[in-house]
Amino acid sequence: MKIALLGYGKMGKTIEQIAIKRGHEIVLKVDKNDDAYDITQADVAIDFSIPTVAFNNISNCLNNGVPVISGTTGWLQDYNKAVALCEEKQGAFIYASNFSLGVNIFFELNKILAKMMNTLKQYNVTMEEIHHTQKLDAPSGTAITLAEGIIENHSGYDNWKLDEAAEKSLPIVAKRIEDVPGTHTINYESEVDTITIEHTAHNRQGFALGAVIAAEWIIGKKGIFNMNDVLNIG
Ligand SMILES: NC(=O)C1=CN([C@@H]2O[C@H](COP(=O)(O)OP(=O)(O)OC[C@H]3O[C@@H](n4cnc5c(N)ncnc54)[C@H](O)[C@@H]3O)[C@@H](O)[C@H]2O)C=CC1
Ligand SMILES: O=C(O)C1=N[C@H](C(=O)O)C[C@H](O)C1
């Protein structure tokens, strides 16, 4: 498979290593200021760039008939536009806030726990995410997906807020600590006890492998998909 990497930072470089080990070829590496490039030489593009350029990168792929996987977070105000463009062009597109198998299992566990806790009003939910200090967005995309999983399954919450407590709001605390690849913790706290679920990434390999597996999976397909489609869970 010929892969274009849109964004050649920490994730782009990790994806390159894994893709080559799995027998793929990197035909294009696009980073900032690389404006003139021909995306059509790639069978599939993988975008791990920055929030302000992700939508342009995705649009360029869809406009040129190249299936695209995006893991960039912090651009979701334009997600519906990307979906509409994908439908118009009959293209193929996957966005996931987190491509790792472990986090996708954690997403499902989070929904089940929220459903179980729905009637137990003595427990308040809080969430914390910790990432490295170069991260541009807060809260993390993964924290937003987790919050959405709780809101869909627990009638005590209908929105989330960063660093703020309010009625029916799920508070998310975002911490930035040197070199942390990504830790997400959800606490259900009552006066007598606390129930905690947590996912800790030890490195970026799980995110990168998931993105390459998604790229392998999307070849030959048309439509808008997510990691549940790829991993067949949920
Ligand atoms: N969905 C997932 O599983 C994961 C998502 N992420 C997200 O992926 C994104 C990238 O993460 P990292 O690689 O850690 O960040 P990074 O900062 O190491 O890499 C981003 C790269 O994008 C480049 N860039 C800037 N403008 C560009 C443009 N116009 N076109 C292409 N590239 C451009 C930057 O120069 C940089 O090299 C972030 O949004 C992060 O939140 C990170 C890890 C896992
Ligand atoms: O920026 C990161 O590093 C990560 N970003 C993603 C997010 O915002 O959830 C996924 C992972 O936690 C690492």
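Predicted model: local features only at pLDDT ≥ 70, side-chain atom pairs only at ≥ 80, totals over all residues.
**View 1. Ala 45 stands opposite Val 68 of strand E4.** Helices (H or I, at least four residues) and strands (E, at least two) are DSSP runs, numbered from the N terminus, and two strands count as paired if DSSP finds at least two bridges between them. Residues are numbered from 1 along each chain as its sequence is written, chains are lettered from A and ligands numbered from 1 in the order in which they are written, and side-chain values use heavy atoms, with hydrogens and water left out.

**View 2. Six strands make up an open sheet with parallel pairing.** Reading across, the order is E2-E1-E3-E4-E5-E11. Strand E2 (25–30) and strand E11 (223–225) sit at the edges, each pairing on one side only. On average, neighbouring strands of this sheet are turned by 20 degrees against each other, direction ignored. Asn 33 isn't a glycine, yet its phi is positive, about 70 degrees.

**View 3. Helix H1 (residues 10–21) packs against helix H6 (residues 205–218) at an angle of about 60 degrees.** Their axes are 9 Å apart; axes are lines fitted to C-alpha atoms, for helices over the stretch in contact, and angles run from 0 to 180 degrees between N-to-C directions. H1 and H6 are therefore oblique to each other (under 35 degrees is roughly parallel, over 145 roughly antiparallel, 65 to 115 roughly perpendicular, and the rest oblique). H1 contributes Met 11, Thr 14, Ile 15, Gln 17, Ile 18 and Ala 19 to the contact, and H6 contributes Gln 205, Phe 207, Ala 208, Leu 209, Ala 211 and Val 212; contact means heavy atoms within 4.5 Å. Sorted by type, the residues of this H1–H6 contact are nine nonpolar, three polar and no charged (Ala, Val, Leu, Ile, Met, Phe, Trp, Tyr, Cys and Pro are nonpolar, Asp, Glu, Lys and Arg charged, and the others, Gly among them, polar).

**View 4. Helices H2 (residues 51–63) and H3 (residues 79–89) pack at an angle of about 5 degrees.** That makes H2 roughly parallel to H3, with the two axes 10 Å apart. From H2, Phe 55, Ile 58, Ser 59, Leu 62 and Asn 63 meet Lys 81, Ala 82, Leu 85, Cys 86 and Lys 89 of H3. The tally for the H2–H3 contact is six nonpolar, two polar and two charged.

**View 5. Strand E8 (residues 169–176) pairs with E6 in the parallel sense over five bridges.** Ile 130 has Lys 175 of E8 as its bridge partner. Strand E7 (residues 159–162) also runs parallel to E8, joined by four bridges, and here Leu 162 stands opposite Ile 172 in E8.

**View 6. The peptide bond from Ala 138 to Pro 139 is cis.** Omega is near -5 degrees. Look for Pro 139 in the loop between strand E6 (124–131) and helix H5 (141–153).
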